[in-house]
Amino acid sequence: MSEQPGVTERDLILRTQRGETAAFGDLVNRYMRRAYFAALGFVGSSEDAYDLSQDAFVRAFNARDRINPDMPFYTWFYQILRRLCYNFNRDRKLHREKLKQAKPWLEDHAGWLADQRNPHQQVQRVDLQKRVQEGIASLGEKDREILVLKEFEDLKYREIAELLDIPIGTVMSRLYSARRHLATALEEEG
Amino acid sequence: MNSQEEQVRLWMMAALDDEISVEDRRSFEAALAADADLKHEWTRLCQVKEVTKSMRYRRPPEEIWDRYWLSIYNRFERGIAWILVSIGAVVTTGYGLWYTMGEIWRDSEIALPLRLAIFALVLGGAVLLISVCREKFRLWRKDPYREVTR
């Protein structure tokens, strides 16, 4: 299904509310990558992120009457997605341990580009990547969410505050707490 | 942590993420110059920022996006199919029970006390089932935390 240029999100929401699955398909196409990566930041596993993000879209469609066409769709959708991911992590026993042992869900983009010709540095970068992943896994849910939104989704403070419906000051305080925790985790493991 | 320290932490985050105003940056740099511990913390957090900045999400194979919507659509279809199967199962089971009860009642070869006992068993089971379902439904409706992440 290809995205139609010029069609507004509001139109797609209104058509979805009339039961047009094709319109909802366009919304899915617009946000599927963002939803997948947001879930990946929560659960750290590609398969689970794929499954949870799809489940969130199914629930969003079932609750389509509650979408406000005058508000951004993703902000509303994100509440469903994060609740699913929180519940998933709660239900997954010892999820932190599993997250630490999960297949890599981050990649060292800058380091890989710089160190391709230096195997020793490459090994160091792979080790660092693993430690960052483990450090992030050891954060509390809320700190982890803020850090992931800032660092890997590259959102501005204002955007994070809108998405989570919290003041900008709270975003910054949680980010500070997350980074301090991560700094300590990296020092301990290094 | 007092409010001045809290303010410096917030400036620190804003400076790291390049969301600080010129005026606040000036105040922040003055605070850094005056406090060695703060400067040490700033260096640590800059290192963390440097590391996380170089990382990104691992990209999945592009093919998964081609079948993403189709997979969601299949879930819709299966959801509808499950509803239909459930309705069908409830109706056919109910009819089967009703029919069997009628047959037993009309069968004069089965002793009356046994027929009554079978009726009592089935009726009791049905009442129990309805009662449990009703209780669960009421609990669910009144649960103020049903939408809350526990």
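How many residue pairs are in polar contact between chain A and chain B? The count is 18 residue pairs, both residues at pLDDT 80 or more, where a polar contact is a pair of N or O atoms within 3.5 Å; within protein, one must be able to donate a hydrogen and the other to accept it, and residues adjacent in sequence count only if both atoms are side-chain atoms.

This is a predicted model, in which local features need pLDDT of at least 70 and side-chain atom pairs count only at pLDDT 80 or more, while totals for chains, interfaces and linings use all residues. Residues are numbered from 1 along each chain as its sequence is written, chains are lettered from A in the order in which they are written, and side-chain values use heavy atoms, with hydrogens and water left out.

Contact (heavy atoms within 4.5 Å) involves 54 residues of chain A and 38 residues of chain B. The two chains bury about 4,600 Å² between them, 61% of it on carbon and sulfur atoms; buried area is the accessible area (1.4 Å probe) that two parts lose on being put together, summed over both. In chain A, the residues that lose the most area to chain B are Glu107(A), Tyr176(A) and Arg179(A), together 16% of what that side buries.

Glu107(A) also takes part in strand pairing, its bridge partner in β1(B) being Arg56(B). Strands β1(A) and β1(B), the latter spanning residues 55-57, run antiparallel and are joined by three bridges. Strands are DSSP runs of E with at least two residues, helices are runs of H or I with at least four, and both are numbered from the N terminus; two strands pair if DSSP finds at least two bridges between them.

Another salt bridge pairs Glu62(B) with Arg33(A), whose closest N and O atoms are 3.3 Å apart. Glu62(B) lies in the loop between β1 and α4 (63-66) of chain B and Arg33(A) in helix α2 of chain A, so this pair joins two chains.

Technical notes:
Salt bridge = Lys/Arg side-chain N within 4 Å of Asp/Glu carboxyl O.
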